[in-house]
Amino acid sequence: MTVLTLARRTGLVLGLPAVLFAIWWFATAGSTDFYVPPLSTILGKFGEVWTGERLLSDVVPSLVRLLTGYLLAVAVGVGLGLVVGMHRGVRDVLEPVLELFRAIPPPVLVPVIMLFAGIGDTMKVIVIVSGCMWPILLNTVEGVRAVDEVLSDTCRSYGITGPSRLWHLVLRSASPQIVTGMRQALSIAIILMVISEMFAASNGLGFTIVQFQRSFAIPEMWSGVLLLGLLGFALSLLFRVAENRVLAWYHGLRRAQRNP
Amino acid sequence: MSASGSTPVLTKPAGTATGPGGVGGGRVRRTLDRARTPLRGLAGLAGLVVLLEVLPHIGVVSADYLPPASEMGRALWQLLGEDAFWTALGDTLTGWGLGLAIAVVAGVVAGVVIGSAPVLRAVTASTIEFLRPIPSVALIPVAVLLYGTDLESKLLLVVYASFWQVLVQVLAGMQDVDPVAEDTARSYRMGSWGRVRYVLWPTALPYVMTGVRLAATVALVLTITAELVIGSPGLGNQLAVAQTSGAVPRVYALVLVTGLLGVAVNLVARAIERRALHWHQSMRREGQR
């Protein structure tokens, strides 16, 4: 019985992807269209292009920029968010300014930051930081504002103040919102990594893929598109695993509240 | 504590410090704060302008990179007098609006179809989870090859990015249907159209609205990205041209325009959401607060 349900479940999970993959494979099998090469060719190129030295010269630098920028954005966003969220006056003064900054579509920052930082790695990291800190910052502010008043009073009567209040009460109760902001920021970070490399760079994933496209190396280009897709998927999967670990208490609480 | 919300009582009357009276005192203070908040916000914006004016003048940042606010203002004023700017704005808004409309219609239709049949939901779940996080900028080279700098390449990126936002929200909404309402509809022998109209749609509408709001923002980002990177006509392209020709104040003026556009999109989306959901619990509670 359990074997059957297991088989059924894997069938459901893998069924449609397998069908779609097969359609793609057979529909393009004999393709002579220059722009849409057979999937077999693309997959063949995939191994060839992305495993050799390009892994070190393009994929790794891109990932390093992405992670550096993202982690810096998390640090800055949460730090500023705590300050802004805990001080009513600061929040009132800064809110419209922050809303304006958040509303600026992040890609337009690329040309602006190029003015300051040239086209090196620093530029790309700054672009990523300045694009993805806003969702984290604003979500942290919201989370800090919404700290449960009873918990807050309890902390005060037990004399929990200063850093331990920050750590045990404020950060902990704001963490679901912070994580939401971080999830939004992750997809922005990937977009900005690719765009900043497409715009001006000498290596990296975005740069290489655009080079392939400009030199009409079509199967290589498609393999790059596939790689970017896989990267996006893998990062969101990793994020979800991390989220489930960090926010296990919160998801449990929600479940308990929903079915008392 | 019966002090009405409009009386500005600055010193708290004795006895409001503790007990239930404190709540009323809080309300007075809150009303006062509410009047003060926009003023503070304006002060913040004014502070930003002053900072932008002063920083280049005292030499903290070179005026070559960050021109003073007055110069940005002049560039913006000049921009507003140009026909090319308004054409570009029109191009951007066309790409955004068309892309968003296609994504919303497709997302709602697909969401309702998939969401109303548990089998379809189970079969498609893994595919949706795989396709959704794929960054739409990965499609840029494909869009360039297939459509060049035409409107279609912009639309491909915009629709791909915003479709998932809508679809996922619609699916969540369809799942949220109250079983009691569903059973009631069945015992009144409502037809399938009636069930969709009176049970499913009201439940899913708040989710749809959230999806549309998120999609509106994402669509704007992707429209401008396409213009910036691919070179389709629009604000993003104007920005790229200004940057390569070294017209720095113009770059900042255009960034400001895109920011204001973003604020406008957000405000309009929220207003529509509030209108469409004025009957909903979340909005009514918000109004009371």
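Predicted model: local features only at pLDDT ≥ 70, side-chain atom pairs only at ≥ 80, totals over all residues.
Residues are numbered from 1 along each chain as its sequence is written, and chains are lettered from A and ligands numbered from 1 in the order in which they are written.

**Figure 1. Chain A as a whole.** Chain A has eleven helices and zero strands (helices are DSSP runs of H or I with at least four residues, strands are runs of E with at least two, and both are numbered from the N terminus). The radius of gyration of chain A, taken over C-alpha atoms, is 23 Å. Of the 260 residues, 38% count as buried (a residue is buried with 20 or more other C-beta atoms within 10 Å of its own, exposed with 12 or fewer, and partly exposed in between; C-beta atoms are placed from the backbone). Among contacts in chain A with a separation of 6 or more, 74% join residues 24 or more positions apart.

**Figure 2. The side of chain A that touches chain B.** Here 42 residues of chain A are in contact with 44 residues of chain B (contact means C-beta atoms, placed from the backbone, within 7 Å). Helices H1 (2-27), H4 (88-103), H5 (109-117), H8 (162-199), H9 (205-214) and H10 (218-246) of chain A each give two or more residues to this side. The largest share, nine residues, comes from H4(A). By class, this side of chain A has 33 nonpolar, six polar and three charged residues (Ala, Val, Leu, Ile, Met, Phe, Trp, Tyr, Cys and Pro count as nonpolar, Asp, Glu, Lys and Arg as charged, and the others, Gly among them, as polar).

**Figure 3. H9(A) against H5(B).** H9(A) packs with helix H5 (residues 140-147) of chain B at an angle of about 15 degrees, and the axes are 9 Å apart. This angle makes the two helices roughly parallel (a term for angles under 35 degrees). The contact is made by A:Ile209, A:Val210 and A:Gln213 of H9(A), together with B:Pro141, B:Val144 and B:Leu145 of H5(B). These comprise five nonpolar, one polar and no charged residues.

**Figure 4. Two loop residues with positive phi.** A:Phe216 lies in the loop between H9 and H10 of chain A. Its phi is near 55 degrees, a positive value in a residue other than glycine. In chain B, B:Arg189 is found in the loop between helix H7 (179-187) and helix H8 (192-229). Phi of B:Arg189 is also positive, near 55 degrees. B:Arg189 is exposed, with 7 other C-beta atoms within 10 Å.

**Figure 5. A:Met86 and A:Val141.** A:Met86 belongs to helix H3 (residues 53-86) of chain A. A:Met86 is partly exposed, with 15 other C-beta atoms within 10 Å. A:Val141 is 55 residues from A:Met86 along the chain, and their C-alpha atoms are separated by 7.9 Å.

Technical notes:
Contact = placed C-beta atoms within 7 Å. Axes fitted to C-alpha atoms, helices over the stretch in contact; angles between N-to-C directions. Parallel < 35°, antiparallel > 145°, perpendicular 65-115°, else oblique. Rg over C-alpha atoms; globule rule 2.2 N^0.38 Å.
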